[in-house]
Amino acid sequence: MKSLKSVEMDYAEIYRTVLSEASGEVFVVFPSAGAVEKLVDTLDELDDPPTVRLLAVEATLKSVMEDFIVASITADLIADETLSLRTTESTGMNSLIVTDETVVTLVAAGELVAGLGTVEDDFVGSAREKHAAAFEEAEPFSLRTPPISRVHETLAETFSDEVDADFGRVLDSLDAARGNGDGLDEVTISLLIAAKHELQLYDISRWGEDTGVASKATFSRTKTRLEDEGLIDTTKVPIDVGRPRLRLLLGNERLQAADIDELADVAQDMLATDD
């Protein structure tokens, strides 16, 4: 082989190094969950990213895309045709990055990751042919999360720039947005921001359903849970015809006094205490 190198670094550094030098399509195959997250982060950060074809085990992608932060950025990359996702049931294969010029094998050892690369023409060509064929035969991965750019755009248009800015700052304060103790999920965040700005449940749930964040029923169930746990309060707003609508309010003095960058931490603390 013409060249073989080992670079001990994290996934983000390996992706940044390889992708910034790549031209044409790049195949990323059999990555771990952590490697998928770093790939999405890296593609989002690059000014001129290559087109990446990601082939991964379906269970891995499902697990990663439960995090709204990662999934919504991924949706933007898909919309921009920077990234496409397909699934495979193959296991026990090496994790690879395949460009026009090189093949890099990713090897994890504890907290260290080694990128072992070769630029030998015949090997690279054979690897590209193999994985391009595997990608074409694989099933597309269905991602239902809306692009984060659409979320921000519609929040600002439907409500205000302030509502959108607060939603973004809460997301930025979280490492993950999965719910179940690993960050707040996107519906909980939306309802807390709506309560901070004293919006109506009808309006925020209609926005959520129209945008693809979640159904009105999911918003209603989550509102009830947050209300039961004292995070949210409501007051009735009379309308000309039909049942009164509900205006959302923050239901706890700690939340009311919290800076927007601290809102998520206070809410998670309250939810954990109630559990």
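A polar contact here is a pair of N or O atoms within 3.5 Å; within protein, one must be able to donate a hydrogen and the other to accept it, and residues adjacent in sequence count only if both atoms are side-chain atoms. Keep that definition for the stops below.

This is a predicted model, in which local features need pLDDT of at least 70 and side-chain atom pairs count only at pLDDT 80 or more, while totals for chains, interfaces and linings use all residues. Residues are numbered from 1 along each chain as its sequence is written, and side-chain values use heavy atoms, with hydrogens and water left out.

**Whole chain**

The C-alpha atoms span about 75 × 35 × 30 Å along the principal axes. Colour by secondary structure: there are 12 helices and 10 strands. Both are DSSP runs numbered from the N terminus, helices being H or I with at least four residues and strands being E with at least two. Of the 275 residues, 47% count as buried. Buried means under 20% relative accessible area, exposed means over 50%, and partly exposed is in between (1.4 Å probe, protein chains only). Take the contacts between residues at least 6 apart in sequence: 67% of them join residues at least 24 apart. Contact means heavy atoms within 4.5 Å.

**Two domains**

Select 5–140 for domain 1 and 148–272 for domain 2. These bounds come from an automatic or database domain assignment. The domain centres, taken over C-alpha atoms, are 34 Å apart. Where they meet, 10 residues of domain 1 are in contact with 11 residues of domain 2. About 860 Å² is buried between the two domains, 55% of it on carbon and sulfur atoms. Buried area is the accessible area (1.4 Å probe) that two parts lose on being put together, summed over both.

**Helix α1**

Select residues 11–21. Tyr11, Ala12, Ile14, Tyr15, Val18 and Leu19 are buried in α1. They sit on the same side of the helix because they cover an arc of only 160° around its axis. The arc is that of the directions from the helix axis to the C-beta atoms. An α-helix has 3.6 residues a turn, so residues three or four places apart point the same way. Now turn to the face away from the buried side: the exposed residues Ser20 and Glu21 are there. Then go to the start of α1. A side-chain oxygen of Asp10 comes to within 3.2 Å of the backbone nitrogen of Ala12.

Select 25–29 for β2. β2 pairs with β3 (residues 51–57) in the parallel sense, over 5 bridges. Two strands pair if DSSP finds at least two bridges between them. Pick Phe27 and look across: its bridge partner in β3 is Arg53.

Step on to Phe30, in the loop between β2 and α2 (33–45). Phe30 has a positive phi of about 55° although it is not a glycine. Most residues other than glycine have a negative phi. Is Phe30 buried or exposed? Phe30 is buried, with a relative accessible area of 13%.

Select 68–79 for α4, then Ser72 within it. Ser72 counts as buried, at 1% relative accessibility. A polar atom of its side chain lies 2.8 Å from the backbone oxygen of Phe68. Leaving out residues up to four places away in sequence, Ser72 touches Thr145, Pro146, Pro147 and Ile148.

Next is Glu81, in the loop between α4 and β4 (83–88). Glu81 has a positive phi of about 65° and is not a glycine. Glu81 is exposed, with a relative accessible area of 62%.

Select 95–98 and 103–109. These are β5 and β6, antiparallel and joined by 4 bridges. A hairpin of 4 residues links β5 to β6. Ile97 stands opposite Val104 in β6.

β6 and β7 pair antiparallel over 7 bridges. Val107 stands opposite Ala114 in β7. Here the hairpin has 2 residues between the strands, and Gly110 in the turn has a positive phi of about 65°.

**Last stop: Lys223**

Show what surrounds it. Setting aside neighbours within four places in sequence, Lys223 is in contact with Leu191, Leu201, Thr234, Leu246 and Leu248.
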